[in-house]
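Trainee: Could you walk me through this one? I would like to start with a helix and then go to the charged pairs.

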Amino acid sequence: MVQAYRGGMHIKTSTFFAVILLAFSGVTASAQELAQDQPKAEKPYFKQVREGLPKTPADRAKVLANLYAHLAAAPDAQSASMITETIEQVWSLSYSDTIAVLMDRSVKAMAEKNSGLALKLLDAVVDLAPDYAEGWNRRAIVYYANNDYMRALGDLRRVLALDPNHYKALDGLAQILRELDRDKQALQAYRQIMSINPYWPGASDAVKELEREVEGQGI
C-alpha cells in the first residue's frame, strides 16, 4: 500500500509539472508572437542615408534638406554630431571621378603645405563643377590659410548661394567678418549657424560675446 501510495504521488507530480510546462510554453509562444507583431523601431534618418547615399545631385539636395531639418531639431550635441557627420559625407559627393581625384590631391597638397598646388587643383574643380559647393568651400579654406580674406569671402558666398545651410561656410564667413571688425555681420552669421546647427562648437559663445560688443556700440 505504501508503494502504491508513493507511485500515485509520482504520477500526480509528473502530471502537475507537465501541465506547468505546457502552460509556460504557451505563454512563451504568445510572448514571441506578440514580439513579432510589434513594429520594428525605425532607424534614425541619418543612418538610413549612410546606408544608401544619394545617387544624383538632385537626390543629394533632397536628402540634405531632410538632414538639415533633423539637425535643427536635434535633442542634444551627440545627436547633432552624428547628423553633421552624415551631412558632411553627403557634401563630399561629387558624382565625378575626376573631381574626386582633384579634391583628394588638394587635401594632400595642403597637408604638405603646398597651397599653390592646392589652389591650382581647386581652380580646376570649380571650373569643371561650378555647382559643386564643396569645391568652392575647400578653395575658400586655402585662401583663408593664405590670409587672402577677400577671395575667401568671395568663395564662401558662392558656397552659400548653392547651399544656404552650409554651416561650415557660415562659420568661415563669421570668422573672417570678425577679423575685419564687421561684428554686426558676424553676429548675423553666427545666429544663422545656430538656427541650422544649434550645437555647432563655439557658435553660442560667439553670439553672446558679439551681442555684448554690438550692443555696447549702440547698434
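Mentor: Take helix α8, residues 149–162: its 14 residues reach 20 Å from the first C-alpha to the last, close to the 20 Å expected at 1.5 Å a residue. The expected span is 1.5 Å times one less than the number of residues. Helices here are DSSP runs of H or I with at least four residues, strands are E runs of at least two, and both are numbered from the N terminus.

Trainee: Experimental or predicted, and how is it numbered?

Mentor: This is a predicted model, where local features need pLDDT of at least 70, side-chain atom pairs count only at pLDDT 80 or more, and totals for chains, interfaces and linings use all residues. Residues are numbered from 1 along each chain as its sequence is written, and side-chain values use heavy atoms, leaving out hydrogens and water.

Trainee: Which residues of α8 are buried?

Mentor: Y149, A152, L153, D155, L156, V159 and L160. Buried means under 20% relative accessible area, exposed over 50%, and partly exposed in between, with a 1.4 Å probe and protein chains only.

Trainee: And what do they pack against?

Mentor: The buried residues of α8 pack against α7 and α9, the latter being 167–179. Contact means heavy atoms within 4.5 Å.

Trainee: Charged pairs now. How many salt bridges are there?

Mentor: The count is 8, taking a salt bridge as a side-chain nitrogen of Lys or Arg within 4 Å of a carboxyl oxygen of Asp or Glu.

Trainee: Which one links distant parts of the chain?

Mentor: R139 pairs with D123, with the closest N and O atoms 2.8 Å apart. R139 sits in helix α7 (residues 133–145) and D123 in helix α6 (residues 115–128), 16 residues apart, so this pair links distant parts of the chain.

Trainee: Is R139 buried or exposed?

Mentor: R139 counts as buried because its relative accessible area is 12%. D123, at 28%, is partly exposed.

Trainee: What else is in that network?

Mentor: D155 is linked with D123 and R139 in a network of salt bridges.
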